Amino acid sequence: MRLLLRAGSLVAALALWQLLTSLDVSLWLRFEQFPTVTEVAGEFGDRLDTPEYWQDLGDSLGRIGAGFALAAVAGVAVGTAVARSRVAADLLGPLLEVLRPIPAIALVPVAILLFPSNEQGIVFITFTAAFFPVMVSTRHAVRALDPGWEEAVLTMGAGRVRVLLSVVLPGALPGIFGGLSVGIGVSWICVISAEMISGEYGVGYRTWQDYTVVDYPGVFVGMASIGLLGWLTSTAVELLGRRATHWLPRPEPSAPRAPRYRALSTPAWRSGTDTPGAAAVPPTPTHPTATPAGGPP
């Protein structure tokens, strides 16, 4: 049922796109210059037979793979160090907080000046885009761990390395993979933008070239390719995260719901009356009344 709903939403969106573009609707939004779904599908089919299309896919995937892998390793290492060491937090914390708000795409001029080739600069931008989500998520996940786990392992004679590998990193895995899932999406945004600015090959470069020659069906083919690649890589990261955190309790999709209970009336033995549901009357305490000395007889 869920698969049908997801497929139905996609089909409905494509049908609406086809209707608006085929009728040249131009109210506030102008759809008369948009290519139709059939035109984009035809162009997509033609490009699947060209080697340039697959070369662009391979170049973009290679840049994403290199930059994201470096960001995953560095982000987990730096986030763990900042969360567990005051010295690392004091040394790296201010620098990271100053650099974190800077968009990765704004570092394109820095990459051009810093690296000898555009390829290395694009990988650097991809790395920067994914590094900060992974680092921040790891830092918060490590700080949120229950200190009782670490104390229990320390009492059994474990060292710092054993605590790190057996307690800290496994306990922080859900948060780490949350950062990785965000980081892969941001990486795609920045690598496509970097390819448009300074790339020679790749999906972003080809999409920009199609725009400059007013090939709008080709532009939408590039956009669809970017969306499919981003969806596939994000799904791969989520599946890897589920496999790595298989020990976490997860609700069964077909588990029966908990039964709903009606509020029962107050029983007679609690209310002090024989009528069910009657208001409870507190019993009157019976204490012997002391007669004051010198009182009336």
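Predicted model: local features only at pLDDT ≥ 70, side-chain atom pairs only at ≥ 80, totals over all residues.

Reader: How do you know that the span of α1 is close to the expected one?

Author: The expected span is 1.5 Å times one less than the number of residues in the helix. α1 has 21 residues, for which 30 Å is expected, and it reaches 30 Å from its first C-alpha to its last. Asp24, with a positive phi near 55°, follows α1. Asp24 is found in the loop between α1 (2-22) and α2 (37-47).

Reader: Is Asp24 called buried, partly exposed or exposed, and why?

Author: Buried means under 20% relative accessible area, exposed means over 50%, and partly exposed lies in between (1.4 Å probe, protein chains only). Asp24 has 45% relative accessibility, so it counts as partly exposed. Val214 also has a positive phi, near 60°, in a residue other than glycine. Val214 is in the loop between α9 (203-212) and α10. The relative accessible area of Val214 is 53%, so the label is exposed.

Reader: How much of the protein counts as buried?

Author: Of the 297 residues, 30% count as buried. The protein exposes about 19,700 Å², with 66% of that supplied by carbon and sulfur atoms. These areas come from the Shrake-Rupley method with a 1.4 Å probe, and for residues only the protein chains shown count as cover.

Reader: What makes a set of residues a nonpolar core?

Author: Its members are buried Ala, Val, Leu, Ile, Met, Phe, Trp, Tyr and Cys residues, joined through side-chain atoms within 4.5 Å. The largest such core has 46 residues, and Ile125, Leu180 and Trp188 have the most contacts inside it. Two or more residues come from each of α3 (51-84), α5 (108-114), α6 (118-143), α8 (160-198) and α10 (216-244). The most come from α8, which gives 14 residues. In soluble globular proteins, nonpolar side chains tend to be buried together.

Reader: What does Leu180 touch?

Author: A contact means heavy atoms within 4.5 Å. Not counting residues up to four places away in sequence, Leu180 touches Phe68, Ala72, Val134 and Val237.

Reader: What makes Arg206 and Asp56 a salt bridge?

Author: The rule asks for a side-chain nitrogen of Lys or Arg within 4 Å of a carboxyl oxygen of Asp or Glu. The closest N and O atoms of Arg206 and Asp56 are 2.8 Å apart, and the pair forms a salt bridge. Arg206 lies in helix α9 and Asp56 in helix α3, so the pair ties together parts 150 residues apart in sequence. Asp56 is buried, with a relative accessible area of 3%, whereas Arg206 is partly exposed at 26%.

Reader: How many salt bridges are there by this rule?

Author: The count comes to eight. One of them joins the side chains of Asp210 and Arg47, at 2.8 Å from N to O. Asp210 in helix α9 and Arg47 in helix α2 are 163 residues apart, and both are buried.

Reader: How do you know that Arg139 and Glu97 form a salt bridge?

Author: Their closest N and O atoms are 3.1 Å apart. Arg139 lies in helix α6 and Glu97 in helix α4, so the bridge ties together parts 42 residues apart in sequence. Arg139 is buried, with a relative accessible area of 11%, and Glu97 is partly exposed at 31%. Elsewhere, salt bridges that share partners join Glu43, Arg47, Asp210 and Asp215 into one network.

Terms used
Residues numbered from 1 in each chain as written. Heavy atoms only, no water. Helix = DSSP H or I, 4+ residues; strand = E, 2+ residues; numbered from the N terminus.
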